[in-house]
Amino acid sequence: MTKQLVILSGKGGTGKTTVAAALAHLASQDMPIVLTDADVDAANLELVLDPAKQEEHAFMGGQVALIDPDKCTTCGICAEVCRFDAVHAGDEAYRVDPLACEGCASCFYQCPEEAIRMEEQQAGLWFRSDTRFGPLFHAHLFAAQENSGKLVTLVKQQARLRGLDTGAALVVVDGPPGIGCPVISASAGMDLALHVVEPTVSGVHDLERIMATTDHFGVPSLVLINKADLNPARADEIAAFCAERGVELVGRIPYDTVVTEAMVQGRPVTAYTERPVAQALKETWSRVSARIFPDGADVEEGAASLPSTEGAASLPSTEGAASLPSREGGR
Amino acid sequence: MIITVASGKGGTGKTTVAVSLALSLPPDRQDPAGTSTDEAPSQGRRPSAGPANPLYLDCDVEEPNAALFLRPTIEERREVGQMIPEVDFEKCTYCGRCAEVCQYHAIAVVGEKVLVFPELCHACGSCSLNCPTEAIHEVLDVIGTIERGWAGPVEFAQGTMNVGEPMAVPIIRQLKQWVIPPDPGDRPVILDASPGTACPVVESMRDAGFVLMVTEPTPFGLHDLRLAVQVARDELRLPVGVVVNRDGVGDQGVDEYCATEGIPILMRIPLDRRIAEVYSDGGTLLEALPEYREQFRDMYAAIVRLVAEWKGEDA
């Protein structure tokens with residue numbers, strides 16, 4: 001069975017992508033893997049992996065209302081029912097601000113003249129690429145678009161199907177920052193979440209919130225402290241917090257300017273094998289690997305007789321909905 | 001003057017810059033030492049909501065951090081949420097019209113049951129408008145809190161999303177409505193945005209007069225800066241400027257990009273381990289490097305000029 005590991009952080013810029021690329025590099029030496037960049041509004045993994053694009057697909061992300069000026073009688077009902085302040089009176093007809101419109105279609109249903117139609121919008125692109133560590137599924141959400149969670153779910157599903165299809169042992173998911181909708185989408189169905197945290201007051205604060213989020217959705221946590229020597233006392237505080245919560249601390253990565261140099265060169269930092277930071281990441285991977293494959297990686301299993309990824313694009317994106325709590329009532 | 005501090009990439013120093021800017025602007029008499037502006041105001045001497053007292057909004061409601069540095073005294077707190085449907089089963093005929101009009105699959109009718117999924121609901125009200133038997137009314141579903149108070153001379157407000165909730169935008173929207181006066185005039189209003197370029201960032205930039213991008217001179221920083229500029233300048237038609245943080249690491253990409261695009265670089269903060277160490281314990285940039293206070297004031301003056309120029313060109 002293909003396992004799935006998501007790299008998260010809560011706070012942005014703590015080193016998720018650097019760690020994801022490093023673990024992908026190390027894991028790919030032991031087993032076949034698939035990579036996913038689930039930070040679809042600021043995707044950076046491709047900058048380190050030099051991917052060769054194999055497939056490109058449009059992502060239809062949602063819809064916006066359009067008002068036909070010839071049919072509009074300027075009655076104003078559309079603007080009245082809009083809760084997003086997206087409909088405004090124009091000279092001859094009402095107009096919709098596509099950036100403010102959330103596509104709820106309330107105006108579409110209320111317009112007495114049937115002057116409004118809903119138009120599907122392309123909100124981004126998603127790709128399958130080849131990299132030296134394995135196939136990469138990644139995406140670009142267009143500027144100022146909604147539905148990043150839906151696009152995250154899509155690339156994740158594609159990566160997982162590819163993993164199952166080819167018998168990959170592991171899918172490594174580089175997650176988005178924060179704790180909201182794209183993070184929830186990235187965490188759904190993961191076997192393990194690795195939280196990358198820096199030893200700062202904000203890092204500690206945000207770790208508590210991201211860990212509460214993954215706990216809420218039933219994904220077990222591991223913690224990795226990045227730039228641990230920047231503030232050893234705070235790193236110890238994080239270690240104590242982890243011990244208290246029964247969460248394994250899988251490593252302390254030292255601060256090292258080679259991390260930025262590696263980024264500029266477009267290489268994983270683990271390629272600099274002689275550096276302490278690379279050594280620390282190697283130890284981290286062996287601990288993560290031991291947790292995710294307690295009996296050792298079985299790379300043969302699950303390779304055959306699974307559906308190909310071709311049909312996957314038509315899969316419903318409501319996967320997450322089934323596990324969401326609902327308020328139920330009835331006679 | 002509303003300034004949104006954004007970045008695209010996370011961890012580039014948005015909060016550091018926004019906090020330092022807010023603390024630099026009040027006149028010296030309130031802070032002769034230049035390092036103690038984060039102390040609580042003394043009893044009875046409450047600052048006014050005037051130009052000398054910046055208003056700070058932490059709009060990163062998923063991971064709000066500014067309070068760790070500003071250490072405000074919170075005076076008022078509200079729960080916020082959105083109006084979600086509740087079905088009156090005395091009136092419901094299970095016709096399914098609500099589920100049919102809902103674009104988010106947030107309400108489902110299964111036999112003689114109606115399921116509401118609050119996490120999927122956008123609170124558009126379409127289900128209740130379309131219900132033929134008026135069986136749906138709306139109730140508040142709490143998704144977070146908003147708070148306001150003072151941090152020395154700086155008026156402070158923040159939103160905090162409850163863990164497990166997906167939607168940040170309604171919290172940011174209500175935070176802004178609650179604390180930003182209809183016409184802030186020349187009072188500095190500083191919004192600290194979340195990373196990324198998706199809907200929460202757009203909501204934090206909407207209605208701003210200027211977007212200040214904090215970036216680092218690395219390939220990741222540049223890549224995400226481009227995307228954030230697309231949102232602010234190209235989509236929302238707002239003037240932008242850049243602060244280069246950790247100047248000296250990485251490469252020349254950000255400088256070249258800004259020169260090509262005609263985007264002004266308004267400040268450079270060097271890569272300095274002292275700043276990182278002070279920050280890691282909750283200290284501000286002004287505590288590490290007090291001489292930056294003057295630079296932040298100059299930057300604010302430059303922003304005021306850029307906005308005036310932008311308006312002139314627009315007219």
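Biologist: Which elements of chain A do the buried residues of α10(A) pack against?

Modeller: This is a predicted model: local features need pLDDT of at least 70, side-chain atom pairs count only at pLDDT 80 or more, and totals for chains, interfaces and linings use all residues. Residues are numbered from 1 along each chain as its sequence is written, while chains are lettered from A and ligands numbered from 1 in the order written. The buried residues of α10(A) (20 or more other C-beta atoms, placed from the backbone, within 10 Å; exposed is 12 or fewer, partly exposed in between) pack, by C-beta contacts within 7 Å, against β1 (3-8), α1 (16-30), β9 (192-197), β10 (221-225), β11 (248-252) and α9 (258-265) of chain A.

Biologist: Which residues of α10(A) are the buried ones?

Modeller: Happy to list them! Helices (H or I, at least four residues) and strands (E, at least two) are DSSP runs, numbered from the N terminus. Along α10(A), the buried residues are Val277(A), Ala278(A), Ala280(A), Leu281(A), Thr284(A), Trp285(A), Val288(A) and Ser289(A).

Biologist: Is Phe293(A) buried or partly exposed?

Modeller: Phe293(A) sits in the loop between α10 (276-292) and β12 (327-330) of chain A. Its C-alpha atom is 13 Å from that of Ile33(A), although the two residues are 260 apart along the chain. Because Phe293(A) has 17 C-beta neighbours inside 10 Å, it counts as partly exposed.

Biologist: Which strands stand at the edges of the open sheet in chain A?

Modeller: The sheet has 9 strands with mixed pairing, in the order β3-β6-β7-β2-β8-β1-β9-β10-β11; a pair needs at least two DSSP bridges. Each edge strand has a single partner, so one side of it is left without a neighbour in the sheet; those strands are β3 (52-67) and β11 of chain A.

Biologist: Which element gives the largest share of the side of chain B that touches chain A?

Modeller: The contact takes 60 residues from chain A and 62 residues from chain B. On the chain B side, two or more residues come from each of β5 (113-116), α4 (126-130), α6 (199-205), α7 (219-235) and α9 (273-280) of chain B. The largest share, 9 residues, belongs to α7(B).

Biologist: What percentage of the residues in chain B is buried?

Modeller: Chain B holds 11 helices and 11 strands. Of its 315 residues, the buried ones make up 52%.

Note on methods. Two residues are in contact if their C-beta atoms, placed from the backbone, lie within 7 Å.
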